[in-house]
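Have the structure open as you read, and pick out each pair as it comes up.

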Amino acid sequence: YAEIRHQPLQASKLMATPRRTPATATLLAQINALFPNRSKASDGWIGDTAHAQRKSDHNPDADGTVDAIDITHDPVKGVDIAKLVNVLIAGKDRRVAYIIANGEIISGNAGPQAWVRRRYSGANKHTKHLHISVLDKFQNDTSPWALSKLKA
């Protein structure tokens, strides 16, 4: 058999283990507590191979954090994503980079036209789930999200 020579990895090639940001983990935990029987069929956080081929907040950053999560639209037993968008816009949470749902994109405070609904032109209109991305500078913020009006 041939001798195998191992090359030392360069620091730039080391990749941290992918993980949700604490901010998105907090949001997901709150949603699950509010709607314990909700469908999770379109939930997601880490990108598949198609996501890996393009820029996506579902791809891990250098530190391993994934800045985005998807929350399934389930108005019967869980989250109505149109209502969740309204609650998130009203809360104007500093952690939000942007939200995509039902063919619309809404930027957070750091984006263009903050908290204004704009037409989303991507291929996936996000009708089966809501996509939310958080800003890196607030990714470790685990304070509760303002979701009290979601259940009402």
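Let's start with Asp43, which is partly exposed at a relative accessible area of 25%. Please keep in mind that this is a predicted model. Across the whole structure, a search turns up five salt bridges, and a few of them are walked through below.

**The Arg38–Asp43 pair**
- Asp43 is bridged to Arg38, with 2.5 Å between the closest N and O atoms.

**Asp141 and Arg94**
- Asp141 forms a salt bridge with Arg94, and their closest N and O atoms are 3.2 Å apart.
- Asp141 sits in the loop between β7 (129-134) and α4 (148-151), and Arg94 in the loop between α3 (81-91) and β4 (96-101), so this pair ties together parts that lie 47 residues apart in sequence.
- Asp141 counts as buried, with 15% relative accessibility, whereas Arg94 counts as partly exposed, with 45%.

**Asp141 and Arg95**
- Arg95 also forms a salt bridge with Asp141, the closest N and O atoms being 3.6 Å apart.
- Arg95 belongs to the loop between α3 and β4 and Asp141 to the loop between β7 and α4, so the bridge links parts 46 residues apart in sequence.
- Arg95 counts as buried, at 0% relative accessibility.

**The network**
- Which residues do salt bridges with shared partners join into one network? They are Asp93, Arg94, Arg95 and Asp141.

Definitions and conventions: Residues are numbered from 1 along each chain as its sequence is written. This is a predicted model: local features need pLDDT of at least 70, side-chain atom pairs count only at pLDDT 80 or more; totals for chains, interfaces and linings use all residues. Side-chain values use heavy atoms; hydrogens and water are left out. A salt bridge is a side-chain nitrogen of Lys or Arg within 4 Å of a carboxyl oxygen of Asp or Glu. Buried means under 20% relative accessible area, exposed over 50%, partly exposed in between (1.4 Å probe, protein chains only). Helices (H or I, at least four residues) and strands (E, at least two) are DSSP runs, numbered from the N terminus.
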